[in-house]
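Below is a short briefing for a reader new to this structure. It takes confidence, strands, a helix residue and a ligand shell in turn.

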Amino acid sequence: MACQPTKLNPAVAAVSNAAGTFYSARKPLLQVGVSCISGESSTTSEISNQSMSYKLASITSQALEKCKISTTHQSELDDTNAAQKESNECQLPDLVEKALAKIDSAAYVHADQVEGHFNAHRQELRTTLCADNKARDALLSMLQQGLSVSALGIDLTKLAPPLPDGTLDGVQLATALHKPLLSYNLELLRSLFLYKNGHHSVHWHLDQPLRNVQRSWIELTEKETELYNTLQRDGIVMMDYGLSEAELDSLMEQADDVMASDDTSMTSVVSDGAVVTSRLLIPLLEEKVIGNPTIQKVVRSYLGNETTVNGYKLTRLHGLNDTKQYIASQWHHDRAGRRLKMFLFLHDVDCEEGHPTLVVKKTHNIQFFKTETFPFSRYTEKFVRENFDVSKACGKKGEGFLFDTHSVHRATVSGAHDRTTAIFEFHNSMKCSIVEKAGMGIPCPSGDQFLINALL
Ligand SMILES: O=C(O)CCC(=O)C(=O)O
Ligand SMILES: [Fe+2]
């Protein structure tokens, strides 16, 4: 019953204490061809069962199965907790009290829909921690070490466990990266804070191991290391794709053409033209951007050895001036866990007038309390501005950015200029099949793009 809050894994996994460790992948990068077939749904069948991602995915599938079983006992568990409520009330250590007080529905746009959930969760945490001194002390110690609890979720970045020495690959690499999650402390966090999220197995077992990586196991050049380190640290990195003026002009011309098309299988126009999206095979993007070895290595370092580029699209914002016109213009995360989108600007994107994407750096590692439904993934302007520093992803023609859509982000609604970008999407190769099999109801991959689903 790995999902029950009261049944913690008693085995404290021994974690080696060596610093400066790294892993190495020996397999060469696969080239992405330009002839990939649109509409293929998955590259999973190409993934070896001896690979890193396959191993993490099988741990995740097993965890999802166990969660299914324990969910059926959930109401029983809730009742027991409710019965214990009065007798177990106690004063917890200050730092723990402060952490519990952060779990507050006021941060959510749909506060009325999430309030009951968070009140019950806080009460359950109090009951559990009042009854279990070992858990209370362990939580206190993790808070002292920098565990962050916010209205959105918990962030373990500052607890990053040291990883064992060695040159590992495949199953061994996955096992080593996953091993810290088996420790009493991390299992405690999962079972206290995350078990109420029906999707948490994916965020925890498939995504979290990659968040602990302190140095890519793939051999990277100096420039690639800098890109990867920035992405791993902040959840976003600015990019320059090295395309020529002529190439960028040709991309813009193709965008103008396809966006003028009334073929609805190619171009979708919403909110009276405020948001236009087109899917079109563009060999230049596949050769020069997706085929770029630096991009491939940085993306694979971030998402795992077996990574898929799912597709790309052209998106234009034209006269956007109201949050209601564009679903992405409210603070949110994409609910898909660790995954990357990459924006290429087809013209200068002005920081004020150009509708830059706004991203909150260092929110990409948050284990959100709830990710299953829309109301839990929309946050108020007030909460974000009061609690975080917001970055603007603006820049010159030919530049852009790579970011984890698990970060808190939104589009800018105001601005006098149009914005035309090419947007690419990447997932760990096992993610979308797990998400689909578990019926998680997340668009993985997003459905509005030119699908290629090619292994990087
Ligand atoms: O268009 C933007 O600036 C934001 C888009 C977004 O939220 C997304 O692609 O996930
Ligand atoms: Fe988004």
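Which residues are around ligand 1? They are Ala328, Asp334, Lys341, Thr357, Thr405, His409 and Ala411, where a residue is near a molecule if its C-beta atom, placed from the backbone, lies within 6 Å of it. This is a predicted model, in which local features need pLDDT of at least 70 and side-chain atom pairs count only at pLDDT 80 or more, while totals for chains, interfaces and linings use all residues. Residues are numbered from 1 along each chain as its sequence is written, and chains are lettered from A and ligands numbered from 1 in the order in which they are written.

**Ligand shell**
- By class, the shell around ligand 1 holds 2 nonpolar, 3 polar and 2 charged residues (nonpolar: Ala, Val, Leu, Ile, Met, Phe, Trp, Tyr, Cys and Pro; charged: Asp, Glu, Lys and Arg; polar: the others, Gly among them).

**Strand β8**
- Strands (E, at least two residues) and helices (H or I, at least four) are DSSP runs, numbered from the N terminus.
- In a regular strand the side chains alternate between the two faces of the sheet.
- Leu340, Met342 and Leu344 lie on one side of β8, with Lys341, Phe343 and Phe345 on the other, and all are buried.
- β8 pairs in the antiparallel sense with β13 (residues 399–404) over 5 bridges (two strands pair if DSSP finds at least two bridges between them), and Leu344 stands opposite Gly400 in β13.
- β8 also pairs in the antiparallel sense with β15 (residues 419–428), over 6 bridges; here Met342 has Phe424 as its bridge partner.

**A three-strand sheet**
- An open sheet of 3 strands runs in the order β1-β2-β10, with antiparallel pairing.
- β1 (148–149) and β10 (367–368) are at the edges; each has a single partner strand, so one side of each has no neighbour in the sheet.
- β2 (residues 153–155) and β10 pair over 2 bridges, with Gln367 in β10 as the bridge partner of Ile154.

**Pro293**
- Pro293 is found in helix α12 (residues 293–303).
- Pro293 is exposed because 12 other C-beta atoms lie within 10 Å.
- Pro293 and Glu224 are 69 residues apart in sequence and 9.7 Å apart in space, C-alpha to C-alpha.

**Confidence**
- The chain averages a pLDDT of 86, and 85% of the residues score at least 70 (pLDDT is the predictor's confidence in each residue, from 0 to 100).
- Over residues 71–77 pLDDT stays under 50, and the model has 1 contact beyond four places in sequence for them (contact: C-beta atoms, placed from the backbone, within 7 Å).

Technical notes. A residue is buried if 20 or more other C-beta atoms lie within 10 Å of its own, exposed if 12 or fewer, and partly exposed in between; C-beta atoms are placed from the backbone. Two residues are in contact if their C-beta atoms, placed from the backbone, lie within 7 Å.
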